[in-house]
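This report walks through one protein model, site by site. Please have the sequence and the 3D view open as you read.

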Amino acid sequence: MAQLIDGKRISAEIKDEVKARVSAMKAEGKSVCLAVILVGEDPASKVYVGNKKKACEYTGIESLSYELPAETTEEELLGLIHKLNADDKVNGILVQFPLPIHIDAKKVINAISPLKDVDGFHPVNTGAMLNGDAGFLPCTPAGIIELLKRSDVDIEGKECVVIGRSNIVGKPMSVLLLRENGTVTITHSRTKDLKEVCKRADILVAAIGRPKFINSEYIKEGAVVIDVGIHRMENGKLCGDVDFDDVEPHVSAISPVPGGVGPMTIAMLMKNCADSAEM
Ligand code: NAP
């Protein structure tokens, strides 16, 4: 049977480490504070923001909540970000995406101070990541590296295939695997013969955004599979981009959905907040 890559356990471990660091900072009179901005009423975004606030409570990070109406203008949102950039008490600023269509997401990302960009989306931080310099790493791919390392999966010298090239998952995932000395292939919707490329992978990361797309025909026997996708099925249950039941008998390790990558994203956000306060 394949090893289950347990994001619940590993994310709990990381949150406990953050909690201890925050408590040590508090003992020295330093606080850690995350400002969370939500624009509009998107129900999924509300759930994500709620989970981030809960994680802040658990780790001892203070959270400031800004729940703005959907009609908020771009100017108003940028004004709030500038105010939070200048507030010494605030260590991290998180804007929940997606934003209403009248707001330019790129402008918003660029407005957040790179020193408070705990989502790791600002070009200064993505540039630092590419160059191997210090900076905030995007939470989902950084969480996947932690999942692999803490599950004793060696990345060095391995054939790594990433399915997807989005700015928040696929591209940074590829860079981080490369930084760990993996041999990395990035695939996308124009890739020819995706199955054959995926079958080369010792480590396969699926961030394709299509429920149960990856079945055993894409898998090399004994590979390690990380499933980034999250989808709600008609029966109300969650599933990933990987057809778990079909793939699991063929792999040496696999992350489940739920309980794999999902909880790691928030844990790494908490870690970035603690890093920011310590900087
Ligand atoms: P995205 O922006 O929609 O990107 C999907 C990528 O998959 C694109 O690069 C696309 O290629 C590629 N793709 C689509 N169909 C393909 C096909 N048939 N063959 C090969 N490649 C194909 O999605 P995302 O934001 O990266 O998210 C991916 C998944 O991860 C989603 O299910 C999302 O909900 C989930 N997610 C989870 C977390 C978490 O915390 N667990 C965080 C973020 C995202 P093109 O570039 O050519 O269009």
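## The second largest pocket

The second largest pocket holds about 300 Å³ of space. A pocket here is an open set of points on a 1 Å grid over the protein atoms alone, with protein on both sides within 12 Å along at least five of seven lines. Grid points are joined across faces, edges and corners, and a volume is the space filled by probe spheres set on the points. The lining of this pocket has 17 residues, and those nearest its centre are Gly 135, Leu 137, Arg 179, Lys 271 and Asp 275. A lining residue has an atom within 4 Å of a point.

Three elements, α6 (139-150), α7 (170-179) and α10, each give two or more residues to this lining. Helices are DSSP runs of H or I with at least four residues, strands are runs of E with at least two, and both are numbered from the N terminus. By class, the lining has 8 nonpolar, 2 polar and 7 charged residues. Ala, Val, Leu, Ile, Met, Phe, Trp, Tyr, Cys and Pro count as nonpolar; Asp, Glu, Lys and Arg count as charged; the others, Gly among them, count as polar.

## Basis of the model

The model is predicted: local features need pLDDT of at least 70, side-chain atom pairs count only at pLDDT 80 or more, and totals for chains, interfaces and linings use all residues. Residues are numbered from 1 along each chain as its sequence is written, and side-chain values use heavy atoms, with hydrogens and water left out.

## The ligand site

The ligand is surrounded by 22 residues. The closest are Arg 165, Ser 166, His 188, Ser 189 and Thr 265. A residue counts as near if one of its heavy atoms lies within 4 Å of the molecule. Helix α10 (residues 261-278) gives the largest share of this shell, 3 residues. The shell divides into 9 nonpolar, 10 polar and 3 charged residues.

Ser 166 places a polar side-chain atom 2.5 Å from a ligand oxygen. Polar backbone atoms also take part: that of Ile 230 is 3.4 Å from a ligand oxygen, and that of Ile 208 is 3.5 Å from one. The ligand taken alone exposes 930 Å², and the protein buries 71% of that. These areas come from the Shrake-Rupley method with a 1.4 Å probe.

## Domains

The chain is assigned domain 1 (28-113) and domain 2 (139-261). Such bounds come from an automatic or database domain assignment. The C-alpha centres of the two domains are 29 Å apart.

## The cavity

How many cavities of 30 Å³ or more are there? The count is 1. A cavity is a set of points where a 1.4 Å probe fits but cannot get out. The largest cavity has a volume of about 50 Å³. Among its lining residues are Ile 93, Leu 94, Val 95, Phe 97 and Asp 119. Strand β4 (residues 92-95) provides the largest share of the lining, 3 residues. The lining has 7 nonpolar, no polar and 2 charged residues.

## Backbone details

Phe 97, which lines the largest cavity, is joined to Pro 98 by a cis peptide bond with omega near 5°. Pro 98 sits in the loop between β4 and α4 (105-111). Val 257 and Pro 258 are also joined by a cis peptide bond, with omega about 0°. Pro 258 is in the loop between β11 (253-254) and α10.

Asp 152 is not a glycine, yet its phi is positive, about 60°. Asp 152 lies in the loop between α6 and β5 (159-163).

Definitions and conventions
A polar contact is a pair of N or O atoms within 3.5 Å; within protein, one must be able to donate a hydrogen and the other to accept it, and residues adjacent in sequence count only if both atoms are side-chain atoms.
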